[in-house]
Structures are given as structure tokens and as C-alpha cells.
Amino acid sequence: MSTAAATQHRPLGFIGLHTEFTKALNEAFQKQDAQILRSSYESFGANTDHDKKSPMDQAFREMLLFRLSDNVEQVGALVRLSVEAVRAEIVSVTIPVVLLGDIFDAVTLDKCEQIFSFVEEMVEVWKEDIFFSSCKNNILRMCNDLLRRLSRAQNTVFCGRILLFLSKFFPFSERSGLNIVSEFNLDNVTEYGVDGKDLDDTVEDTVEDIPIKIDYNLYCKFWSLQDFFRNPNQCYSKAQWKMFQAHAGTVLEAFDSFKLEEPRLSSAADKTDGSLMTGDYLESMKMELAADSTAGTDELKTSDAEQIVRQSDHFFAKFLTNPKLLTLQLSDSNFRRSVLVQFLILFQYLQLTVKFKTESNTLTTAQTDFIKETESKVYKLLEETPPNGKRFSRTVQHMLTREEMWNNWKNDGCKEFRKPDETETENGSNKDANNTDSSASKPPAAKRPKRTLGDSLRDAHRSGKFFLGNDVLTRLWNYSPDNLQACKSEERNFLPQVETFLENPHEKNDPSFEWRALRLLARQSPHFFTFLNSPSYKIADYLEGVRRRLAKDRIDNAKAALNANNAATAGGGGNSSTESNNTNESNSDEQGSNNQEGEGDGEADGDGEGENDGDGDGDAMLTEEDVQGDLDKGDDDRNDHTKPMTASREQIEEIAPLIGDDWKKLGKKLGYTADELLYFETEHPDRDGGCIAMLSNWFADDDDASLDNWAYMLEGLEINAAAKAVKALVDRLTNKGDKVEVVSD
């Protein structure tokens, strides 16, 4: 007894506790009783909880890895026992998830799939308060590790189970499980053949009874649509939208011309085979069995039908893109439905208001009309696709409607869903009822009499003030006895003079400065409503020309004032001349000497203008010749910014044969992708048609498109004959422009 008491009062080390807890764990596991572990845990009162939980955790992990890794049922039993141990507060809170992570790392994928069923069954346990906050990161890490080991194509069902479990475990507002900024999976690239020289024959010799021509052109158009489904934002580009519109029309026309027939099955066995071929839904099989039973053909039971449908329920994450399979794929209803639903998802995204769309991602009226027309055509094709086409179409439409609700929820910031508390609702209703009863029993409090509006207006009028019913507005209107005159005072004129503002240093192209300058110009100067001789399409050049004109007007006004002063001096006699000379001498000795030499001198006139200007600006000292030279120079500068020369379609058709087969190299130089070049080639199969369409689109859409840039790119690609022709065209247009200018002069 003394030895046992001494043992209880003396703390044990990690190894001693681990040994005792291992024995207790074996006994508790056989009886599935966590109280045995609890008794063993409390028997070592000399040790702290922190010292005892570590060896208990280690005992659980060693028992799992060394004894139970081959038995799936025993693994589940040990995990449940660890959950009870957590509730008894004798192990760490995370130990059940740690055990699952250890076993998933140690066994094969087949056993992982079996063990994961225990994780799914205990989802409500993981959502308890004691587990959720501590284990959610461990569970997420465990599931992500499993997903990295799995193949999305070969282990599709297991991957789906993991994702469904995570969606059940985490709340809707969990940020880690949401696509907050609406990003697309751009890594999901569909690869297909890009060289059709060797594939045209293989595509056409498959199925002979299909009423449409399936060639390499249709094959490329069909699979190129996957790139738009992968990244719908491409549809907002003008060139990409044209390509999508053409390819979508071709594919949907092919679907419309080749319609699938409803399978006609006579017996129940044939219906079983047909369900295996088409992969119908469980509900449709039950409906068919019910119809058969009413007709007297009760050969299959519901359980057998469910088993058949489970065997026939297949899903392919990625379809094969071999051109030999295209004809067979067009005959498959599942394949056709997948493509048509992709169209509907794309159209819904383009039309919805998404929070993280940029301002440029907007549809034009023509695009909206095309989407509405095509959407109705897609729904019609879904209804015509067997089996149960109309019901499938209604189901898809219902799911997309629910998707709009989720989109609105995401636009509102993904607010958390909470159920209203019934007790709070009842308490609130009872409280309102009590308040109503109490208020009905007590008399209402006497209200303070409110001053009438007429009295307030009369008192304000007597004192010479305004009363507007609002304290802020009343105080604002009473700042001055006459507010209109106060607004017109010079103290409230904060606008600078347009001449001074244009002289301020600024950047060459500053939109803020240009906007303010144009506002001042329209307010203070008539030059805003006049046009220059050679108007520029750049606002900075226009403002520079206006500044020079204002400087010239200032000099002209100064000269006119000086001439008027001279005329008054000549008519007034010598006294006026003497006063003028004395004034000039007092201002400047040098000017006085110049005035004594003669008032008719040109330099004296210039100095007089500088004195009369009075603002001290350097532009006031400019002579008329300098201003005129600056204006001429400004005209030359504006000529440098004239619109670049472009080519018409006739000129492009004239030069395109000189480019020949090198037009695709030129297209890559112009910035077009391989898909866009393929679009130009397929839409214009005649010789040089793709080159002409590409160059016409370039001159129409690109701001940098000009004959000079075209010639420069042709020289860089060593297409010398076409480059010389473009240069000759430039010279011809330049000479023609010079002749027109001479005639106008």
C-alpha cells in the first residue's frame, strides 16, 4: 500500500505514462469504453494535463499504425473511440483528425476511399463547437492532400465525394471555399489537332449515314469553342466575338441538321440495354417501370432498376479530341447535352451583372440579340435530344435560375446564412404583445406643442432673415444680407486668368490640365469658338496654338493703346509730349533716352508696349514677328500630328498578292493569334482572301495602323516586293496631298 501511494504521489515520465496508457487503450478498445481511459488518466494525479495528453495521443497513433492499418472497420472504431476521448478531455482535440491523416498517408487509394466513408458519416461530429474551430484546418489539409494524390479523370467519383464533404462541412460564408473574385480555371486547356493536312481523310471515312459533312474545318471550329467556355471574357473582344459567333453558328447548325432519334424498345430487357447505352436517370427508370407495371409487364423491380442505373451512370471529366471520334460523339446524347449546357452557362455569365467584371466587359446591342436568339435555339435542341429532352431542358433552366440567386448572393458580399432563433422570435412577439397591452392601459404622455411654421416665418421676416426649416440651410442663407450680390463679389472669384493658367508648367498630355484649360477658355476667351487654320486632333497642340494667339492679341491691344496715346499726344501739343517724356524718364532712364531720340522709333514703340502691359510677363516683350514665327511653327508642329495614312480595301487587294503565303507571318507580327488567323483563313478560303480580311480588320481596329508601319513590318519580315509597293503608295498619296495644298493656297 505504501508503494502504491508513493507511486501516485510521484509524477511519471513520458515513457512510463505511455506504457500505462497503451495498456489501458488496448482494454478500452476491446470493450469500446472510454471510461477505462478516463480512470487510467485520472490515476496519475501528480502529472499535469499537458504531461498526460501527449503520451495518450502517442498511444492512439502507435496503435493505429502498427496494429490496425490493415483493417478498415477497426480503424473506424478507433476513430470513434478517440472522439469519445476528446469529449472526456483526456486527449488533444485534433487527435481524431490526426489519426485519419496518418492512416490516409499509409494506405493505398482503394482503402482511402473505404476509410473516407467514416469521415463522411461523422460530418456532424466535426461541425460541433469542440471540433470545428480546432480541426477545420486539419480537415481541409487532409482533404487537399487526398485530392493531390487522386486523378480527376480516373478517380472522378472519389474526388466528387471529397468536394461534397467539404461543402457540407464548411459554412457557405467560408472564404476559403468561395471563388470571391470570379476567377476562371485557365489551366483547363483542351488540346486538339492543329494541322489538318493528314486528318481530312480520317474524319470523313467513319459514319456514312450522318446527313452533315464532317470535315477538318468543322472539327477545328467545334473544339475551338472550348477555349471560349474556359475563358468567357474573350467574348468581349471584337475579333474574338466574331470568331465565336461564326463557330457557334456552324456547330449549332450541325446539331440541328443531325437530330437524334428516340430509342424504341419493345421489351423490358431491351429497355435495360437502352438504359445502359443512354445513361438515363434513376427517376426516369422508375417512371418507365411504373408504366410497365400498369401495362402488365412487371418483370423488373425497383431495386433491380436502381442497380442497373447505378451501373450505367457514367461521367467523363474530359472528352477525347481525336478527329476520328467526332462523328460518334455527335451521335451521343450525353456528349451533345454537355456542349449545349456549356453554351447556356456561357450566355448566362455574359448577361449577368458580376461584381468583379471590369467596365469594358459590356455587351453591345447586337451581341445581346445574338445571345437571346441562340439561347432559345439551344433550349430547343435540348428538348429534341433524347431521352426525356423536355424534362432535361426544364431541369437545366431551373438550375441556371438558382445560379442567378447564388450570383446575387456573391455580389452582396457572401453574407452568412443563419436560421432565426425560435425562442428569440417568440420572446420578441410576447414582448411586443406585452408592450401593446401596457401602452393600451397607460394614458399617452402629453406632447410638447410645436411652433407653427407661420410664426417662424413671420419672426424671420421681421428680423430681415431667412427661415428654411433646416438649421444648416437657415444658417447658410443668413451669412449675408444679399446672398446673390455676395456670390458676385470679387473675393469669391477664384478662377485664374486663362493666359496665366496656360503659362503654368505642366506635362505634355495632362487630361486634368487640358479639361481645366478648356473650361477657362470657354468662359473667358472667344478663341474657344473659333478654329485654327490647321486644326489638330490633340488637345495639347490646340491649347498651345490658342496660347500663342492670346499672346498676339495682347501685343496687338498694347500697340493699339500706344497708337491711340501717340495720336492724343500729337493732337494735344508740346505739353502732352513733355508729360509723356517725363513719365518715361521716371520709369526707366534707358527708355527716357530712347524717347528723347524720337518717339517714332520702332524700339521705343516696343518698350512702350512693355510698359503699358504692366503684368511683368515675358510674353509681353514679344514682337509681332516673333509671335507670327511661333504661330507658323505651331502650324508645322500640328502637321506632324495629322492622322496617319491608311489603305483602302482596293489598295489592300492590290498589294495582297505580293505578300503571298507569308501573310500569316505578317499576322503574327501584327499581334493576331493562331486561332484568329485560322478564322480569317476558314472564313475567306479563296486566294489572298484571309490576308485581305486580316489587313482590313487591322486598319479598322488598330490605332497604330498606318502605311508607314505596314511598310516597316514588311521590311522586317523581308517581304521586299510588298514593302516597295507600300512605299510607292505612300509617295503617291503624299504627292497627291501636296498638289491639293498648292491648289488651295
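Among contacts in the protein chain (heavy atoms within 4.5 Å) between residues at least 6 apart in sequence, 69% join residues at least 24 apart. The model is predicted: local features need pLDDT of at least 70 and side-chain atom pairs count only at pLDDT 80 or more, while totals for chains, interfaces and linings use all residues. Residues are numbered from 1 along each chain as its sequence is written, and side-chain values use heavy atoms, with hydrogens and water left out.

The protein chain holds 37 helices and 0 strands; these are DSSP runs, H or I of at least four residues for helices and E of at least two for strands, numbered from the N terminus. Of its 745 residues, 34% count as buried, that is, under 20% relative accessible area with a 1.4 Å probe, protein chains only.

Helix 7 (residues 109-121) has 13 residues and reaches 19 Å from its first C-alpha to its last, close to the 18 Å expected at 1.5 Å a residue; the expected span is 1.5 Å times one less than the number of residues. Its buried residues are C112, I115, F116, F118 and V119. These pack against helix 5, helix 6 (95-106), helix 8 (123-126), helix 9 (129-149) and helix 10 (156-169).

Consider helix 6 as a partner. Helix 6 and helix 7 pack at an angle of about 170°, with their axes 10 Å apart; axes are lines fitted to C-alpha atoms over the stretch in contact, and angles run from 0 to 180 degrees between N-to-C directions. The two helices are therefore roughly antiparallel, the term for angles over 145 degrees. Their crossing is left-handed, the near helix being turned anticlockwise from the far one by less than a right angle. L100, I103 and F104 of helix 6 meet C112, I115, F116 and V119 of helix 7. By class, these residues are 7 nonpolar, no polar and no charged (nonpolar: Ala, Val, Leu, Ile, Met, Phe, Trp, Tyr, Cys and Pro; charged: Asp, Glu, Lys and Arg; polar: the others, Gly among them).

The axes of helix 5 (residues 72-87) and helix 7 come within 9 Å and cross at roughly 30°. V72, E73, V75, G76 and R80 of helix 5 make the contact with Q114, I115, F118 and E121 of helix 7. This contact has 4 nonpolar, 2 polar and 3 charged residues.

How values were computed
Buried means under 20% relative accessible area, exposed over 50%, partly exposed in between (1.4 Å probe, protein chains only). Angles under 35 degrees count as roughly parallel, over 145 as roughly antiparallel, 65 to 115 as roughly perpendicular and the rest as oblique.
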